[in-house]
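Thanks, everyone. I have one structure for today, so let me put it up and talk through it.

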Amino acid sequence: MVTTVRSFLTHAVQLEREAARRYEELSAAMGTEGNRELKEFFGRMAHYSRLHLADAVARGGFRELPTLAPHEFEWPDGVSPETAGWAGVDAQMSALDALYLAQDGERCGHAYYAAVAASSTDAELRAIAKDFAEEEADHVRQIEHLILHCRD
């Protein structure tokens, strides 16, 4: 588990970069399926992930964030929360399958940030991780709302 603000932000940059790529893939897949609503939703989610990434970089401020090799990250279970269980996007996947895939990623991202917030003894790190966890919780709520709507 990360223990410094610098390390956390380095991980957050990578996590959000991966989330943006995943959402871009989901947006493209929903475009292929002709689902304009989800294409636009996933496009917005990719944008939000890039904003969250920019926020992580900005919060670094004077701290130079290192570039890590994939094996140097300290992820739970050895893989980034946004890619855990990621089997890729099938261009023929259903809207519901796409939403479930997005939901899994957001839940894992939320759990990661919440765990850092809960376990850190550093007040600044706790506060930043809590902010990031709240953002991910909002994403989970948005996706859960769409899942309920999609089932109707």
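Contacts to begin with: among those in the chain with a separation of 6 or more, 82% are between residues 24 or more positions apart. Keep in mind that this is a predicted model.

On secondary structure, the chain has 4 helices and 0 strands. In sequence order that reads α-α-α-α. The radius of gyration is 16 Å, close to the 15 Å that the globule rule gives for 152 residues, so the chain is as compact as a globular protein of that length. Along the principal axes, the C-alpha atoms fill a box of roughly 45 × 30 × 25 Å.

Next, burial and surface. Of the 152 residues, 42% count as buried. The accessible surface of the chain is about 7900 Å², and carbon and sulfur atoms hold 52% of that. As for charge, there are 15 positive and 26 negative charges in the chain, and their mean positions lie 3 Å apart.

Which residues touch the most other members of the largest nonpolar core? They are Phe8, Tyr112, Tyr113, Val116 and Phe132, in a core of 20 residues. At least two residues of this core come from each of α1 (5–33), α2 (36–60), α3 (95–119) and α4 (123–151). The helix that gives the most is α1, with 6 residues. There is also another core, apart from this one, with 18 residues, including Met30, Ala95, Ala102 and Ile147.

Let me stay with Tyr112 for a moment. Leaving out residues up to four places away in sequence, what does Tyr112 touch? The list is Val2, Phe8, His11, Leu15, Glu74, Trp75, Pro76 and Pro81. Of these partners, Phe8 was already named with Tyr112 among the residues that touch the most other members of the largest core.

To recap: the pattern is α-α-α-α, the largest nonpolar core has 20 residues, and another core, apart from it, has 18. That is what I have; questions are welcome.

How values were computed:
Residues numbered from 1 in each chain as written. Predicted model: local features only at pLDDT ≥ 70, side-chain atom pairs only at ≥ 80, totals over all residues. Heavy atoms only, no water. Rg over C-alpha atoms; globule rule 2.2 N^0.38 Å. Buried < 20%, exposed > 50% of the residue type's maximum accessible area, 1.4 Å probe, protein only. Contact = heavy atoms within 4.5 Å. Areas by Shrake-Rupley, 256 points an atom, 1.4 Å probe, with all protein chains shown as cover. Lys, Arg positive; Asp, Glu negative; His and termini not counted. Charge placed at Lys NZ, Arg CZ, Asp CG, Glu CD. Core = buried A, V, L, I, M, F, W, Y, C linked by side-chain atoms within 4.5 Å.
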